[in-house]
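I'm opening my notebook on this one.

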Amino acid sequence: MQGYIYPNEFELQWSLLIVLYPYITGLVAGAFILASLERVFNVKEVQPTYRLALLTALAFLLVAPLPLQAHLGHPERSYEIFLTPNRKSAMAMFGFVYAWYLTVVLLLEIWFEYRKDMVLWAREAVGWRRWLYYGLTLGATDLSDPSLKFDDAAGRWITVIGIPSAFLLHGYVGFIFGSVKANPWWSSVLMPVVFLFSAIVSGIALVLILYVVISLFRSRPVDMRCLDKLASFLFYAMIVDVSLEMLDFVHRLYESEESIDILSQMIESRLFISLIVLQLVLGTLIPLGFLGVFSPALHRGLARGSDELRRLIYLMSAVLVEIGIFSIRWNVVIGGQLFSKSLRGLTVYKVELLGLEGLATTLVLLALPFVILWVLVKVLPPWEEPAGLRRLDGV
Amino acid sequence: MTRDEEPSVAPADDPRPTPAVDRRRFVEDALKACAAGCPLILAVMRLPAAAAQRPAGEAAYDPAEHLYGMGIDIQKCIGCGRCVAACKAENDVPLDGYHFNTWVERYVIDEDGDVTVDSPNGGFDGFPPPAAESEIRRTFFVPKLCNHCANPPCVQVCPVGATFSTPDGVVLVDEQYCIGCRYCIQACPYGARWFHPTKHVAAKCTLCYHRLVKGLVPACVEVCPTGARIFGEVEQRPTPLARFMRMNDVQVLKPHLNTRPKVYYANLDGEVR
Ligand code: SF4
Ligand code: SF4
């Protein structure tokens, strides 16, 4: 502690788990928006990651409410948010935005996308798998031309609705923080927009990592055209994201409100590692530099490098980007609680190791989506498995 | 007396010799003082004695008839911390140094204009002499509590409506209903809320609502030896608060946030946030 803080401010209220929540929803929104690119704007190159991105979004979305739930003082009362929401509260809308996104957007889109395959798998499989796939089709087993066309059209429409929904999902998370006028570090109209673009960045980076790593494990070749495209998208999204954050930063400096002194003190001391080192240098500047040089985003790539080298550089940059985005969430959530609202002092946050809100829980919650994704990928393989299917198609 | 002449340390007649006074004994003392002061203050308050004693007072209480607020005269506060102790005893607030419905801050402004603020243990034990390196220009105590804002951000953000404003202008938390998300604690600009370590719900000053409905004043008001805390109705009624607001230039904390506080300070220094 340093300076004066209100006595009630000794305890930080929102812990590591609340850092996780915007991080995970960001990944959901980002992965979905990437998938939508292929669908709506017909970006053929990223097609190999389309289904993977959808399943990734679903896996992370299923985990998104868990850190919130675990953090509540009375988790057993959380259903009250649905029963008696306070319509003036930004947080009360979480349940509705979440339910809308999960059921209307993601599940429906995945269902239409996979229906044909599920029917085929159901015909091919034996035993319980047969019943599983049959159950998943919900009995809609018609594979006639008009019905397949309908699947496609429906999928497209859902994506069109899905894009603003993904914006809503994550912009809304930004609003939860941005609308707290009591907190000068949070209170900003740019917050939802910054959240959104950092979400897109993190989503693209995640799908890129997953695609490379999964291909490695399946010992399949990585489609370099796809990877180059992903890397370029990542680069563009980062440029927008960085510009927005710079705008926010310059705006704060220029307005120089009464909070500016304590906030600069906080950045120089408490947030130095997480903001300057991790977020800015490691998470932004270095990957931006690498992507700018090696990806075809600028002028077909300044330096071309072998496929092998580019793959490595993209992978490394994407990992750095993920670390950077996690630091952004940390700097927002924890940073917003490190200075006193008296603007006279700073406090400290020590992450506990065990315990419900500790590091262990966080790691488990971070690992969980990957487990879910593994199951999803087993049940709904996101890549073309030509052999068996082609045989069936030919029948 | 101008503010420059005000004592810069806790007054010599402070009954507690050291800050390390036995807390339990002190709370007992405070309660005794509270009991002793009760009739006196009530007389001053000109509350009808019947209202104060009426056992079934709650039945007759009509919240729509009231709009409560509090006045604080900074020049009168001597930083004895009795209000802090009385509040903790009255409202069952944990006796540690991190949970307060009300606390007292001390501002010490030296010759260079540098401001030092402290609130050791929320002012519960009074204040040790300031560790002033240069000459003190002026110093004063500022009691703080929930402002029972008329436009309360804490109520706005609560996802389930567990935090609410009563018709008589008090902001309360329903602890049977609060889900413990702590959004309200983040939204309060004054640090007036805390999280109950065993009940796992948001907690805060209730203006001693359980006493108000019986026609009593809040515990902190009752024990204040100098009358620095003034309780009453905000709107033109012949109560001490109305008189206080007529006689003084009153200000509220952080007015730019438009929370419209109902705790009014007289003689507030610009350094206070
Ligand atoms: S002071 Fe804080 S807790 Fe009290 S009503 Fe205002 S915002 Fe709410
Ligand atoms: S902690 Fe309780 S009172 Fe505060 S916002 Fe959450 S549910 Fe409402």
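First, a term I need: two strands pair if DSSP finds at least two bridges between them. Helices (H or I, at least four residues) and strands (E, at least two) are DSSP runs, numbered from the N terminus.

Ground rules: this is a predicted model, where local features need pLDDT of at least 70, side-chain atom pairs count only at pLDDT 80 or more, and totals for chains, interfaces and linings use all residues. Residues are numbered from 1 along each chain as its sequence is written, chains are lettered from A and ligands numbered from 1 in the order in which they are written, and side-chain values use heavy atoms, with hydrogens and water left out.

**Entry 1: the mixed sheet**

I looked up strand 1 (residues 68–73) of chain B and found it paired with strand 11 (residues 263–266) of chain B, parallel, over four bridges. In that strand 11, Ala266(B) sits opposite Asp73(B). The whole open sheet has four strands in chain B, ordered 9-1-11-10, with mixed pairing. Why do strand 9 and strand 10 of chain B each have one side without a neighbour in the sheet? They stand at the edges, so each has a single partner strand.

Then I checked what packs there. Helix 9 (residues 240–247) of chain B lies across strands 1, 9, 10 and 11 of chain B, and runs at about 110° to strand 9 of chain B. For angles, axes are lines fitted to C-alpha atoms, for helices over the stretch in contact (heavy atoms within 4.5 Å), and they run from 0 to 180 degrees between N-to-C directions.

**Entry 2: the antiparallel sheet**

Chain B also has an open sheet of three strands in the order 3-2-4, with antiparallel pairing. Its edges are strand 3 (115–118) and strand 4 (136–145) of chain B; each has a single partner, so one side of each lacks a neighbour in the sheet. From one strand to the next, the twist averages 20°. I counted bridges between strand 2 (residues 102–110) and strand 4 of chain B: nine. Glu105(B) faces Val142(B) of strand 4 there.

**Entry 3: the ligands**

Which residues come nearest to ligand 1? Of the 13 around it, they are Cys146(B), Asn147(B), Cys149(B), Cys154(B) and Cys188(B). Being near means having a heavy atom within 4 Å. By class, I get nine nonpolar, two polar and two charged residues in that shell. My classes: Ala, Val, Leu, Ile, Met, Phe, Trp, Tyr, Cys and Pro are nonpolar, Asp, Glu, Lys and Arg are charged, and the others, Gly among them, are polar.

Around ligand 2 I found residues including Cys158(B), Cys178(B), Cys181(B), Cys184(B) and Arg182(B). This shell splits into eight nonpolar, two polar and one charged.

**Entry 4: a pocket**

A pocket is an open set of points on a 1 Å grid over the protein atoms alone, where a 1.4 Å probe fits, with protein on both sides within 12 Å along at least five of seven lines; lining residues have an atom within 4 Å of a point. A volume is the space filled by probe spheres set on the points, which are joined across faces, edges and corners.

The second largest pocket comes to about 720 Å³. Of its 32 lining residues, Trp185(A), Glu245(A), Phe249(A), Leu275(A) and Gln279(A) are closest to the centre. Helix 9 of chain A gives the largest share, nine residues. The lining has 21 nonpolar, six polar and five charged residues.
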